[in-house]
Number of protein chains: 2
Amino acid sequence: MRCEVIAIGTELLLGQIVDTNSSWIGEQLALAGIDCLHQSKVGDNLGRMVESLRVALGRADAVIVCGGLGPTQDDITREAIAEVMGVDLVRDDAIAQRIRDRFAARGRHMTENNLRQADVPRGASPIPQMPGTAPGLVCPVGERVVYAVPGVPWEMRQMMEGTIVPDLRRRAGDTGIIRSRVVRTWGLAESALAEILADRITALDATGNPTIAFLASGIEGLKVRLTAKAPDAATAARILAEEEARVCALLGEAVFGFDDQTMESVVLDGLVARGLTVAVAESVTGGMVASRLAGIPGASRALRGGVVAYSSEVKRALLGVPEGPVVTADCAKAMADGVRRLLGADVGLATTGVAGPDEQEGQPVGTVWLGVAVGDEVSAEHQRLPGDRERIRQYAVISLLSALRRVLGIEPAG
Amino acid sequence: MRCEVIAIGTELLLGQIVDTNSSWIGEQLALAGIDCLHQSKVGDNLGRMVESLRVALGRADAVIVCGGLGPTQDDITREAIAEVMGVDLVRDDAIAQRIRDRFAARGRHMTENNLRQADVPRGASPIPQMPGTAPGLVCPVGERVVYAVPGVPWEMRQMMEGTIVPDLRRRAGDTGIIRSRVVRTWGLAESALAEILADRITALDATGNPTIAFLASGIEGLKVRLTAKAPDAATAARILAEEEARVCALLGEAVFGFDDQTMESVVLDGLVARGLTVAVAESVTGGMVASRLAGIPGASRALRGGVVAYSSEVKRALLGVPEGPVVTADCAKAMADGVRRLLGADVGLATTGVAGPDEQEGQPVGTVWLGVAVGDEVSAEHQRLPGDRERIRQYAVISLLSALRRVLGIEPAG
């Protein structure tokens with residue numbers, strides 16, 4: 001069973017809106033075991049919409065068209081589908097009444113053009129879920145099918161979950177299950193990761209199940225995605241568990257978590273489990289470390305707070321950093337030790353470095369020192385980070401949290 | 001001149017990452033007067049990549065392929081383009097050396113598979129901009145051209161601006177000019193903005209030039225994009241200047257800047273112009289305000305630093321906040337005043353509130369107090385912000401900076 005996605009809207013092509021709908025739809029299809037091999041965007045142009053629909057129907061069993069169902073003149077998805085079906089548009093009185101009721105319920109005046117939304121290709125059936133005024137449509141094209149859904153995300157999602165995914169699964173017959181597991185890592189370059197896993201990937205290529213893919217995600221680290229197909233959920237889970245064990249054994253301490261676990265959530269849970277509080281002293285990251293930790297609901301269980309010591313005077317006055325250069329191991333250590341004393345925390349973290357654009361103290365852009373103070377152990381780690389100012393700051397954040405993870409011996413918890 | 005965009009990556013189809021690159025590329029093409037009528041996504045599959053390239057080259061003069069240039073086994077964009085060109089891959093020694101140098105400069109070990117990135121289709125030429133280890137490529141296909149760029153946004157963007165857009169414009173000959181101006185606002189809801197501009201938009205619909213579009217952008221505020229077409233840059237600039245004046249007159253103090261100016265850059269420039277330094281005390285935003293300010297190159301001209309006072313003890317011990325509830329105007333004022341004294345800054349800023357998921361001190365999620373201390377004036381502003389935890393924190397950041405902007409009377413500088 002193959003299903004393509006076509007997102008409709010000139011504003012998508014002009015980059016005025018990012019197409020997040022197709023990504024969400026693709027995720028739902030994968031979880032339902034439906035292959036989605038192509039996704040495309042096309043503007044509000046009848047000819048090109050018809051052409052895109054025909055190309056998609058030539059490759060796939062089903063097509064989900066997202067957008068262009070509104071009441072305005074440039075909402076012509078209904079017309080495009082009718083042309084592909086070779087039928088005309090007919091007014092659906094039931095839908096028209098629902099639209100009138102919807103406006104009445106909101107006490108809003110309904111203009112006549114809103115009833116354009118009740119014109120459907122002959123032979124198409126409306127999708128029962130209709131949270132807005134734009135009806136979704138199920139449009140048979142021979143043995144194949146086109147689903148039309150509005151571009152409004154929460155309206156589209158209800159129709160996907162309520163009608164389209166179940167209908168696709170029924171058409172697919174007893175389809176297999178696809179399950180994914182993301183092994184999250186930090187500390188290995190993507191190329192090093194690839195080399196470590198190369199033999200295993202080659203071995204898997206024979207069966208194609210499970211599969212392994214990488215995804216570099218900046219401050220989210222480097223993700224290794226394991227995907228398994230199976231006749232049932234239990235078998236898929238077993239295949240994933242076995243592959244996960246293999247991959248984790250190969251990658252060792254680079255693995256910090258799984259799926260939606262972030263480095264900051266893993267570190268925060270590790271601190272809470274040990275009954276430790278943390279304080280952060282930030283120069284080059286300027287508050288980003290504390291902000292990431294504070295982003296987690298319940299961060300107050302471990303996060304006391306921090307000091308953004310951007311100017312050298314603040315480093316010295318508040319954190320007791322000695323005179324002299326500040327892009328150094330000693331400065332990082334003094335900051336980490338100083339902030340935990342100042343804020344009365346068990347653990348102190350610190351960043352100092354050069355985010356650019358200019359070098360500092362003769363140190364090149366990307367030079368970062370990360371300080372960690374736990375008990376009597378106050379250490380500093382040197383990093384040379386790539387990228388622009390923002391990227392260097394983000395890499396510094398995850399590198400610092402990863403350093404604390406290693407010092408405390410926080411194991412990834414599935 | 002028509003240019004299509006193909007985003008490469010199975011993770012895009014599976015919805016594990018959102019394809020923001022195509023949107024950005026589409027925006028740049030529109031600004032350059034290049035038509036982009038189709039954008040598509042395809043997985044890491046040689047056959048489908050080749051097919052998609054051929055379809056795109058059948059409809060357009062140029063194709064930009066984004067992604068699949070990395071060192072790993074599933075990075076096969078080079079192979080796909082070579083097949084479409086009907087040539088083999090050859091090792092480019094110059095690129096190979098640049099990759100070796102890049103690793104050496106970072107003091108990191110280079111694995112052999114990194115040199116796969118130096119294998120280019122025979123007849124292709126590398127793009128001079130190479131901020132990472134993945135080289136971009138210009139690949140002639142008869143009279144047409146395929147550009148290959150990495151999926152890493154900041155690498156892709158440098159190649160687009162430095163090589164691809166200028167090359168496309170040259171190939172297009174003297175094309176009409178499209179120029180855009182973004183008027184950046186904060187403090188008006190999108191619906192209010194639309195109502196204020198409704199008459200003007202209706203008037204413009206007659207000519208279609210210039211055009212006005214909105215884009216809500218979270219922490220970046222609400223953007224009003226003005227787009228003008230003209231035979232030459234001077235005329236386009238005049239049309240935009242006239243429209244900008246009209247729009248700014250209608251929107252008043254909601255306008256904080258233009259184009260790439262962010263709220264934090266406008267506020268930082270305003271502080272520097274007045275010779276003022278700033279310190280930030282953050283509870284609900286947890287360091288995000290300081291981090292945004294520190295993200296600007298040269299932030300040290302005005303930013304002393306800040307205190308992340310996440311726990312109430314830190315608020316009291318460091319900032320002198322009196323006992324009692326902390327989601328209050330008095331707490332925000334005490335924090336703003338306390339942090340400027342502690343860090344020796346002229347201006348103090350503060351945030352305290354409830355980001356959720358649970359209410360606090362009987363205050364509902366979204367309740368935020370923003371403190372501003374300038375000279376003898378210490379004020380606090382109340383906000384009820386919508387959305388989830390992250391959105392509330394982001395809105396609090398831009399709302400606080402906007403409050404300082406109004407207190408200091410910082411005018412938008414074009």
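Biologist: Which residue of β2(B) does A:His38 stand opposite?

Modeller: In this predicted model, A:His38 stands opposite B:Val42.

Biologist: What makes β2(A) and β2(B) a strand pair?

Modeller: Pairing requires at least two bridges between the strands. Five bridges join β2(A) to β2(B), and the two run antiparallel.

Biologist: Why is β2(A) called largely enclosed?

Modeller: Buried means under 20% relative accessible area. Five of the five residues of β2(A) are buried, so the strand is largely enclosed by the rest of the structure. Both faces are covered, with A:His38, A:Ser40 and A:Val42 on one side and A:Gln39 and A:Lys41 on the other.

Biologist: Why is the link between A:Glu313 and B:Arg304 called a salt bridge?

Modeller: The cut-off is 4 Å from a side-chain nitrogen of Lys or Arg to a carboxyl oxygen of Asp or Glu. The N to O distance here is 3.2 Å, so the pair qualifies. Between chain B and chain A the count is four salt bridges. On the side of chain B that touches chain A, the largest share, seven residues, comes from β14(B), residues 303–309.

Biologist: What makes β14(A) and β14(B) a pair?

Modeller: They have five bridges in the antiparallel sense, against a requirement of at least two. Among the partners are A:Gly305 and B:Ala309.

Notes:
Residues are numbered from 1 along each chain as its sequence is written. Chains are lettered from A and ligands numbered from 1 in the order in which they are written. This is a predicted model: local features need pLDDT of at least 70, side-chain atom pairs count only at pLDDT 80 or more; totals for chains, interfaces and linings use all residues. Side-chain values use heavy atoms; hydrogens and water are left out. Buried means under 20% relative accessible area, exposed over 50%, partly exposed in between (1.4 Å probe, protein chains only). Helices (H or I, at least four residues) and strands (E, at least two) are DSSP runs, numbered from the N terminus.
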